[in-house]
Each structure stands twice: as structure tokens, then as C-alpha cells.
Amino acid sequence: MSAAALLHILLHLLVPLLVAWLFFRSRWPRVLAILLAGWVIDVDHFLAEPLYAPNRCSIGFHPLHTTPAIAAYGVMALVPATRLLGAGLLIHIALDGLDCLRMKSARDASLAGCDTCGADTTCG
């Protein structure tokens, strides 16, 4: 597992922990459990082939990582009864989005060079 993949997974744990600790200190363990339940949306990875692709952006690819699903998570975050789960789902999506940006940045850097093909040599 790459360092970037490991960091991504750790952030899925550490960011909800930080949110629970900073904003819900008196009940942080319960809030953390609800925020971590946002990980459930990764069940849609079982629909993909291959199951895990280290350079695949989840946003827009997996069904529970699409715009309509993300909009639903936003609505959930506005409803008091589902607010924490919605927040956990949005945190999850935001972290996946950051991972997508990291992958795009790495891909763009590797294509630096020729404006047409990205080769480090003169375009042919």
C-alpha cells in the first residue's frame, strides 16, 4: 500500500475524530461512531472491477459517490435527526475529493512537457 493510500485511510479516521473532539467533546465517542458510519458508502466499491484501483477517483465513479448521492448527504446534514450521519458522509466525500485532486495533480505533473502528448521530448 502506498503512503498516499495509507494517509487517505488515516484521514478518514482522524478528521471525524478531530470534528467529534472539537465540536462535541462531551459526547465525542458517540458522535465519532456516527461520523465514522459515513464509511458505509464505500460498500459501492464492491460493484467496481477491480475492487480497488489506487489511481481511480471515487467521486463520480462509484454510485454512492455521485452528485445526486452527495446532494442527498447535504440534505441529511440539514435535518436534525440525520445531521451527524450526513456530516460524516460529507466528510467522507470531501476526503475522497481531496484524494482525487492529489491524483489529478500527480497525473498533470507526469504529463508536463509536450503540450500535445505530455512527453518530455519534442512533439512529433
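Which helices each supply at least two residues of the lining of the largest pocket? They are helix H1 (3-23) and helix H4 (83-110).

## Basis of the model

This is a predicted model, in which local features need pLDDT of at least 70 and side-chain atom pairs count only at pLDDT 80 or more, while totals for chains, interfaces and linings use all residues. Residues are numbered from 1 along each chain as its sequence is written, and side-chain values use heavy atoms, with hydrogens and water left out.

## Overall architecture

The chain holds four helices and zero strands, in the order α-α-α-α from the N terminus. Helices (H or I, at least four residues) and strands (E, at least two) are DSSP runs, numbered from the N terminus.

The chain has 124 residues, and 27% of them count as buried, that is, under 20% relative accessible area with a 1.4 Å probe and protein chains only.

## The largest pocket

The largest pocket contains about 520 Å³ of space. A pocket is an open set of points on a 1 Å grid over the protein atoms alone where a 1.4 Å probe fits, with protein on both sides within 12 Å along at least five of seven lines; lining residues have an atom within 4 Å of a point. Points are joined across faces, edges and corners, and the volume is the space filled by probe spheres set on them.

Its lining comprises 25 residues, and His-8, Asp-42, His-45, Tyr-52 and Ser-58 lie nearest the centre. H4 gives the largest share of this lining, six residues.

Notes
Buried means under 20% relative accessible area, exposed over 50%, partly exposed in between (1.4 Å probe, protein chains only).
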